[in-house]
Amino acid sequence: MVSTDTVSIVTGAASGIGAGIAEVLSSEGATVVVADVDEETAGETAADLPGEAMAVGVDVADRESTASLAETVVDEYGRIDVLCANAGIYPSASLEEVTVEEWDEVNDVNAKGAFLSVQACLPQMKSQDYGRIVLTSSITGPMVGYPGWTHYAASKAAMLGFMRTAAMEVADTDITINAVLPGNIRTGGLDDLGEEYLERMRQSIPKGELGDPEDVGHAVAFLASEKAGYITGTTLVVDGGQTLPESQLALEEI
Ligand code: NAD
């Protein structure tokens with residue numbers, strides 16, 4: 001559980017998993033900055049949160065924009081205790097068809113976006129000698145593969161390589177950097193993949209259901225808590241057991 005009055009930034013928080021993280025942190029008493037490229041929806045999400053919240057427009061792939069986000073939060077609240085670098089995109093394209101532009105866009109938002117968000121918040125966290133950073137990676141890339149997502153999988157694995165070395169660089173402070181690896185979580189982005197995809201995905205998850213954004217939110221809230229200070233550079237899988245079965249046969253034995 002995060003401490004009350006914790007100042008938290010959640011990127012990509014207008015909708016989906018980010019909104020779920022924002023909801024959990026806010027209900028635990030944190031002040032939440034809903035940071036998203038979709039400023040209008042971010043404003044609506046912030047207004048619906050139970051606690052103190054504000055919306056800030058940000059494009060995480062742009063250095064000036066992430067710098068301005070950190071500055072706005074410090075001006076408004078004087079601290080940054082928690083950063084959830086969650087914003088991400090996952091358009092599908094086969095390896096033969098994916099263009100350099102598509103590859104760059106996905107890696108810019110997902111991997112570079114996490115790097116820029118962390119870099120922008122780090123000076124304030126260092127000056128406080130306190131910070132909890134949680135990246136939203138994925139099971140796709142770090143643990144498993146899925147045709148059509150080579151660019152996405154590469155970006156999500158890159159986030160973990162970045163995280164491990166960044167965690168070492170700040171290990172002499174009370175700043176930690178960890179990552180959550182969601183499986184299939186019911187969000188607008190995932191709904192766009194269609195009902196057939198969702199149904200077949202349900203059948204491949206031992207828990208029998210897709211996750212809710214709040215399921216990821218609770219895992220993030222733990223890693224973002226003061227008490228998780230001895231945990232750094234590691235990952236927490238939130239996938240309903242999706243990566244557990246050693247084969248289709250094993251799944252059918254349940
Ligand atoms: P979503 O599309 O529902 O929400 C993503 C949010 O990020 C949106 O509000 C969008 O406006 C925002 N965003 C997009 N580009 C941005 C940018 N450049 N700067 C700032 N904000 C931006 O997606 P989601 O399913 O909630 O995914 C959120 C994160 O979780 C992503 O990093 C995704 O890769 C990861 N993830 C999702 C799932 C899943 O099943 N939904 C599984 C594994 C990992």
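The expected span of a helix is 1.5 Å times one less than its number of residues. By this rule, the 20 residues of helix α5 should span 28 Å, and the distance of 29 Å between its end C-alpha atoms agrees. The structure is a predicted model, in which local features need pLDDT of at least 70 and side-chain atom pairs count only at pLDDT 80 or more, while totals for chains, interfaces and linings use all residues. Residues are numbered from 1 along each chain as its sequence is written, and side-chain values use heavy atoms, with hydrogens and water left out.

**The sheet**

- Seven strands form an open sheet with parallel pairing, in the order β3-β2-β1-β4-β5-β6-β7. Strands (E, at least two residues) and helices (H or I, at least four residues) are DSSP runs, numbered from the N terminus.
- The edge strands, each pairing on one side only, are β3 (53-57) and β7 (235-238); two strands pair if DSSP finds at least two bridges between them.
- From one strand to the next, the twist averages 20°.
- Five bridges join strand β1 (residues 7-11) to strand β2 (residues 31-36) in the parallel sense. Valine 10 has valine 34 in β2 as its bridge partner.

**Helices across the sheet**

- Helix α5 (residues 150-169) lies across β4 (82-85), β5 (131-136), β6 (175-182) and β7, and runs at about 160° to β6. Axes are lines fitted to C-alpha atoms, for helices over the stretch in contact (heavy atoms within 4.5 Å), and angles run from 0 to 180 degrees between N-to-C directions.
- Helix α8 (residues 213-223) also lies across β4, β5, β6 and β7, at about 160° to β6.
- The buried residues of α5 include His151, Tyr152, Met159 and Leu160. Buried means under 20% relative accessible area, exposed over 50%, and partly exposed in between (1.4 Å probe, protein chains only).
- Among the elements that cover the buried residues of α5 are β4, α4 (100-128) and β5.

**The ligand**

- The ligand is surrounded by 29 residues, of which Ile17, Asp36, Tyr90, Tyr152 and Ile185 are the closest; a residue is near a molecule if one of its heavy atoms lies within 4 Å of it.
- Serine 15 places a polar side-chain atom 2.9 Å from an oxygen atom of the ligand.
- A polar backbone atom of valine 60 is 3.1 Å from a nitrogen atom of the ligand.
- A polar backbone atom of glycine 183 is 3.2 Å from an oxygen atom of the ligand.

**Aspartate 129**

- Aspartate 129 is in the loop between α4 and β5, and its phi is near 50°, a positive value in a residue other than glycine.
- Aspartate 129 counts as partly exposed because its relative accessibility is 42%.

How values were computed
Polar contact = N/O pair within 3.5 Å; in protein donor to acceptor, adjacent residues only side chain to side chain.
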